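Please open the model in your viewer and keep the sequence panel beside it. The tour below moves from one selection to the next and says what is found at each stop.

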Amino acid sequence: PGVQIGTLGEPIELPVCIDFDTMALNQMPSSWRSTGTAQAEATGHSGDRSLGLFLSGYSNARYIVSPEISTDSITGNAISVWLKNEECSTVEIGTMNSPNDYNSFFTLLSCTPTSEWTKYTVSMADAPNTARYIAFKASSCSWNNSTLYIDDLSISGCAAYGLRARDVNFD
């Protein structure tokens, strides 16, 4: 199977493995959306970059949303991702039906990342059949310079296909 990362309007084919290392520093991949400042940061789990969502002092939840996933149902898949954060008490990994409908956010896992990279793996078995996007929701952020870092994201188990996160390009 091929691995790709598309632009908006070009859905992701599964499996997908994303490490963000080929992104230009301080740039946001055009295929992702956020409700705050999100960009490539000069810190990564397996390489030089990660996707960072700046959370400085926000009282409202902040979201970062993947491109659309091209499949009839994402419920037979799993998400594996490395997260790092210092001051947000809650980060939720979930799905959405639409990239602009934050009310459609469905929590699959609630976690509390620390300042050390930590791997989280969650099944999408309970996700709604209408879900087409992976999303991260950060809330309860009070620190002035807090950033949620996301790296080495895989959907549908890249290792089973002999793939690594580094196999995706952001050209």
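Throughout this tour, a contact, or touch, means heavy atoms within 4.5 Å. This is a predicted model, in which local features need pLDDT of at least 70 and side-chain atom pairs count only at pLDDT 80 or more, whereas totals for chains, interfaces and linings use all residues. Residues are numbered from 1 along each chain as its sequence is written, and side-chain values use heavy atoms, with hydrogens and water left out.

Begin with the whole chain, coloured by secondary structure. The protein has 0 helices and 13 strands, where helices (H or I, at least four residues) and strands (E, at least two) are DSSP runs numbered from the N terminus. Of its 171 residues, 49% count as buried; buried means under 20% relative accessible area, exposed over 50%, and partly exposed in between, with a 1.4 Å probe and protein chains only. Among contacts with a separation of 6 or more, 73% are between residues 24 or more positions apart.

Next, select Thr147, which lies in strand β13 (residues 147-155). Thr147 is buried, at a relative accessible area of 9%. If residues up to four places away in sequence are not counted, Thr147 touches Gly52, Leu53, Phe54, Leu55, Lys84 and Asn85.

Now show the side chains of Glu92 and Lys137. Which interaction do the side chains of Glu92 and Lys137 form? They meet in a salt bridge, with an N to O distance of 4.0 Å; the term requires a side-chain nitrogen of Lys or Arg within 4 Å of a carboxyl oxygen of Asp or Glu. Glu92 lies in strand β9 (residues 88-96) and Lys137 in strand β12, so the pair ties together parts that are 45 residues apart in sequence. Glu92 is buried, with a relative accessible area of 13%, and Lys137 is buried as well, at 19%. A search of the whole structure finds 1 salt bridge.

Finally, move to Thr130, in the loop between β11 (118-123) and β12 (133-141). Thr130 is partly exposed, with a relative accessible area of 49%.
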